[in-house]
Amino acid sequence: MKKHTAIYFIMILCFTTFQIVGQNISSITGRVVDKTNEPLLGNVLVLSVSDSSFIQGVTFLDSIFVVSNINRPEVLLKITSLSFADTIIKVVYNGQPNINLGNIVVTLKAGELAAVTVVGKLPLIKHNDNGTMEVNVANTVLATSSSVTEILSKSPNVMENNGQLSVLGKGEALLFLNGRQITNERLASIPVSQILKIEVIANPSSKYDAEGKAVINIITKTKVDEGIMGTASQQVTYSDFAGTNAQSFLDLNYAKNKLSVIGNYSLLLGENRMFLHTTRTRPATDEYLKSDLRTDWRSKMNNYSNYGLGLQYNFDSKNNISMSYNGFSENLGGYIGNKNAITTKTDSSFYNSKIDKDELRTNNSLTLNYNKTVDTLGSVLFVGTQYSHFNSAIDDFITENRTVNGIDGVRQLKNKVGHSIAVSSTQGDFTKVLKGGKKLEMGAKFSYVNTESATDFFIAESGSVFNLDNTLSNKFQYNEKIPAAYFTYSGGISKFNYSAGVRGELTNYQLNTSVGGGQLIADNYFNVFPNLQLSTNVSQNLKLRASYTSRITRPRYQALNPFVVYQDPFTTIEGNANLIPEKTHAFEIGAIYQSADFRIGYNYTLDPLTNAALRGTKPNSYVLKGINIEKSHSFFASITKTITFNWWTSTNTVNLSYTKEVDNQYDFIFIEPTPKLYLYSNNSFNVGKLFKVQLLAWYFGHNQYGLREEYARYLITLGIEKDFLQNKLKLRMLANDIFTRTNASGFYGVGRTDIFYNRTFNNTYFRLIATWNFGQLKKTNFNIKSTGQNENNRVG
C-alpha cells in the first residue's frame with residue numbers, strides 16, 4: 001500500500017505542474033528610450049514581487065528587450081543602466097501571456113550609480129535551443145550531496161548504475177570538466193561545493209570526443225571579484241543500514257589584480273554498505289542447480305581525501321593562462337561477506353567466505369590551459385594539456401569455510417592486485433566568429449592511455465602454506481592512442497539556424513594479457529562521425545529543433561582486463577579482452593514551448609555492450625563479464641516543464657522509452673520488450689521567510705528489454721534549509737529515500753539458467769549539513785550579469 005501511495009504521489013507532482021500553465025505571464029517586451037525618443041542600452045532584471053529576489057535578466061543594446069519563459073502571474077521589472085536612473089515597473093497578468101509595454105521613457109542622469117546587490121535565485125534547469133539541459137546545483141537540494149556521482153544520480157534524465165552514468169534516451173555519457181574530458185576515476189576528486197551547474201548534452205557536436213552516447217559537462221565556480229572568500233562545511237550522515245559517516249569540506253578563493261587562486265580539501269570518514277541477493281536456477285533435471293548467494297559489502301572509509309589547487313593569470317582582458325592540480329587518496333577497509341547455498345542433483349553444499357579489505361586508491365591530475373581572444377568579434381584560441389594517473393593497490397585476505405554433503409572444510413586465500421591507469425591528452429581549438437552570426441570551429445587532439453595490472457592469488461588449503469594459483473592470477477597491459485580532428489560550421493538561413501560538423505578519430509591499441517598462456521591483441525581503425533543540427537524560432541513561445549549524431553562507445557579499460565575479482569568459489573567477475581566498441585546513430589526532434597521541453601528520438605546501435613552471468617569452466621561456476629550482442633533499437637519520448645510561483649518552484653519530467661535487442665551468437669532467450677516509464681519531480685517551497693523546503697522524487701517503472709526484466713523502483717527525498725547570520729551560516733537537513741525503494745532488482749535468463757538479483761544501496765539516510773561562508777570582497781560600484789553570458793563567472 002505504501003508503495004502505490006508513493007508512486008501516485010510522484011505522478012501527481014509531475015502531472016499537476018503540466019496542467020498549471022494558464023494565468024501566467026509568458027514574455028514581456030518593451031522599448032527603452034529617453035525623453036527625446038533616443039534608443040538606450042542597459043539591463044532588464046525580472047524580480048519576484050514577494051521578496052525582490054532575482055529571477056532572470058537580459059541585456060538590450062538597441063533599446064528593445066524581450067524577456068521569455070517568465071511563467072509567473074506577476075513580476076517586478078527593473079530597468080537599469082549607468083546612464084539613467086533605475087526604473088521599476090510592476091507587471092501583472094492581464095489575460096494575455098505575451099505583454100508588450102511599448103515605449104518606456106527613462107530619465108537620464110549624471111554621476112555614478114550606487115552599488116546594486118541582486119540576490120540570485122536560478123531555476124533548477126534551463127533548456128537551450130540545441131537540446132542541451134543545464135542543471136543548476138548551487139543552492140538546490142542537489143548541493144546537499146556528498147559526491148559528484150550522487151549529484152548526477154539525482155539530476156533529471158541522468159541514471160547511475162554501478163559507477164556508470166547514462167542519459168535517458170541516449171545511453172552511457174562521456175564526462176567533461178569545464179569543457180575538458182576527464183576519466184571516471186577523476187570524478188571522485190571534484191569537490192561538490194565548487195560545482196556551479198551541470199550541462200547534459202544529449203546531442204554533442206563534433207567538438208566533443210565521439211566516445212559515449214551523450215556528454216555530461218561539470219562546470220565549477222570561478223571568482224571575478226577581488227578579495228578572499230571561503231566556505232567551510234560539515235556533513236554528518238546516519239543510516240540504519242550502513243552506519244555513520246562524516247565529511248568535512250574547505251574551499252578558499254583569492255583574487256587580486258591579474259591573479260586568482262582557488263583551493264579545496266575534503267575528508268570523508270565512516271562506513272558504507274551494499275547488499276546483493278542473487279539466485280541462480282537450472283530447472284532441467286539432468287543438470288539441476290539451485291544457488292542462493294548473498295553478498296554483503298561492509299566498507300570502512302579509513303581516509304577518503306580529495307584536494308585541489310588552481311591558478312589563473314590574466315595577462316589582459318583577452319589572454320589568460322591557468323594551471324590546476326587535483327587528486328584524491330582513498331584508504332578502504334572493512335570486509336565483504338559471501339554466503340552461497342548450492343544444491344545440485346547429487347550434492348548439497350554451503351560456502352561462507354569473508355574478504356578482509358585492504359585497498360588504497362589514488363588519483364593525481366595536472367592541467368595546463370591557455371585562452372586567447374583574437375579579435376573584436378569574439379574569436380577564441382584554446383590550447384590545453386592534461387595528465388592524470390590513477391593507482392590502486394589491493395591486499396585482501398580471504399577466509400573460506402565450506403560444508404559439502406556434511407563434510408566441513410576451510411581454506412585461505414590472498415589477493416594482491418596492482419593496477420594503474422595513465423592518461424594524457426593535448427588539444428587545440430580555434431573558434432572563428434564570422435559576420436552575420438556565423439561561426440567556424442576546428443581543432444585537433446591527441447590522447448594516450450596506458451593501463452597495467454598484475455593479480456596474484458595465493459591459496460592455502462586447511463592451514464597449509466600459501467601457493468600461487470595460476471588460474472586466478474594474471475598480468476595485463478593495454479595501450480591506446482587516438483589522434484583526432486574536427487570542424488563545425490554554424491550559422492543561419494532565413495529563420496533557420498544550423499550546425500554541421502564532422503570528426504575523425506584514428507584508434508590504435510595493443511592489449512597484452514597472460515590469460516590462456518598469453519595473448520597479444522592489436523588493431524587500429526579509423527572512424528568518421530558526422531553530425532547535423534537544425535533549429536528555428538516559430539514564435540516567441542515555440543522553438544523547434546532536429547539533430548543527427550553518430551557516436552562510439554569503447555569498452556572501459558577495466559572491462560577489457562581479464563583479471564579475476566573473487567566473490568566465492570563459484571562466482572567471479574572477469575574482464576573480456578575480446579570486447580569491441582559499439583557504434584550508435586542517434587536521431588532526435590524536439591521543441592520548446594514556453595517553459596516546456598519536448599523531445600522524441602530513435603537510436604540504432606551496432607555491437608552494443610552489455611553484461612551477463614555466463615557459465616564458467618568449472619561445474620556450477622558462473623562468470624560475470626561484459627559481452628557484445630548484435631544490435632539494438634531504442635525509442636524515447638519525453639517532456640520537461642518548470643513552473644514558478646512566488647512560493648513554489650517545480651521542475652518535472654516524464655520520459656517513456658522502449659528498447660529491443662537482437663542477437664544470434666549466444667544461447668540467450670530474449671524477453672519481449674515493454675515500454676519503461678520514468679518520472680522526475682524537483683520542488684522548492686518557500687515557507688514565508690522562515691525556511692525553504694525541497695522535495696525531490698523519481699520513479700523508474702517496470703521494464704523488459706533484451707535479456708532482462710527490471711522491477712520498478714522510486715525515491716522520495718525531503719530537505720529543509722535555513723540561513724542565519726546574514727546568510728553567512730546555512731543549515732540543511734535531508735531525509736533521503738524515505739521509503740527505502742531504490743533497490744535495483746530484476747530477472748534475466750542465460751541459456752538454461754534463470755537468474756534473479758536484488759541489490760540494496762545505502763540510500764536511506766538522514767544528513768545534517770552546516771555551511772559557513774567567510775571572507776570579504778572588494779566593493780564595486782556596479783556588477784550585473786546578463787543571462788546571455790557564461791554563468792561560470794558567478795560565485796554561488
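This is a predicted model: local features need pLDDT of at least 70, side-chain atom pairs count only at pLDDT 80 or more; totals for chains, interfaces and linings use all residues.
Which residues does threonine 553 touch, not counting residues up to four places away in sequence?

1. **Starting point: threonine 553.** Threonine 553 touches Glu172, Glu211, Gly212, Lys213, Pro581, Glu582 and Leu609, leaving aside residues up to four places away in sequence. You will find threonine 553 in strand 30, which covers residues 542–553. With a relative accessible area of 5%, threonine 553 is buried, because the cut-off for that word is under 20%.

2. The mean pLDDT of the chain is 83, and 88% of the residues reach 70 or more. Confidence is highest in strand 34 (residues 596–606), at a mean of 94, and lowest in helix 1 (residues 2–19), at 61.

3. **Two stretches to read with care.** Over residues 110–121 the pLDDT stays under 50, and the model gives this stretch 28 contacts beyond four places in sequence. Residues 779–796 also have a pLDDT below 50, with 44 contacts in the model beyond near neighbours in sequence.

4. In the order 3-2-5-6, 4 strands form an open sheet with antiparallel pairing. Its edges are strand 3 (54–60) and strand 6 (87–92); each has a single partner strand, so one side of each is left without a neighbour in the sheet. On average, neighbouring strands of this sheet are turned by 20° against each other, direction ignored.

5. **Inside that sheet.** Strand 5 (residues 74–80) runs antiparallel to strand 6, and 6 bridges join the two. In general, strands of a sheet pair through backbone hydrogen bonds, either parallel or antiparallel.

6. A search of the whole structure finds 34 salt bridges. One of them joins the side chains of arginine 545 and aspartate 597, at 3.1 Å from N to O. This pair links distant parts of the chain, with arginine 545 in strand 30 and aspartate 597 in strand 34, 52 residues apart. Arginine 545 is buried, at a relative accessible area of 9%, and aspartate 597 counts as buried too, at 1%. Strand 30 is also the strand that holds threonine 553, while strand 34 is where confidence is highest.

7. **Lysine 676 and glutamate 710.** These two residues form a salt bridge, their closest N and O atoms being 3.6 Å apart. Lysine 676 is in strand 39 (residues 676–687) and glutamate 710 is in strand 42 (residues 708–710), so the pair ties together parts that are 34 residues apart in sequence. Lysine 676 is buried, with a relative accessible area of 10%.

8. **Aspartate 723 and lysine 730.** Buried or partly exposed: what is aspartate 723? Its relative accessibility is 31%, so aspartate 723 counts as partly exposed. Lysine 730, at 12%, counts as buried. The side chains of aspartate 723 and lysine 730 meet in a salt bridge of 2.8 Å, N to O.

9. **A network to finish with.** Salt bridges also link Asp209, Glu211, Lys445, Arg503, Glu505 and Arg554 in a network. One of these names brings us back to the opening question: Glu211 is among the residues that threonine 553 touches.

Key. Residues are numbered from 1 along each chain as its sequence is written. Side-chain values use heavy atoms; hydrogens and water are left out. Buried means under 20% relative accessible area, exposed over 50%, partly exposed in between (1.4 Å probe, protein chains only). Contact means heavy atoms within 4.5 Å. pLDDT is the predictor's confidence in each residue, from 0 to 100. Two strands pair if DSSP finds at least two bridges between them. Axes are lines fitted to C-alpha atoms, for helices over the stretch in contact, and angles run from 0 to 180 degrees between N-to-C directions. A salt bridge is a side-chain nitrogen of Lys or Arg within 4 Å of a carboxyl oxygen of Asp or Glu.
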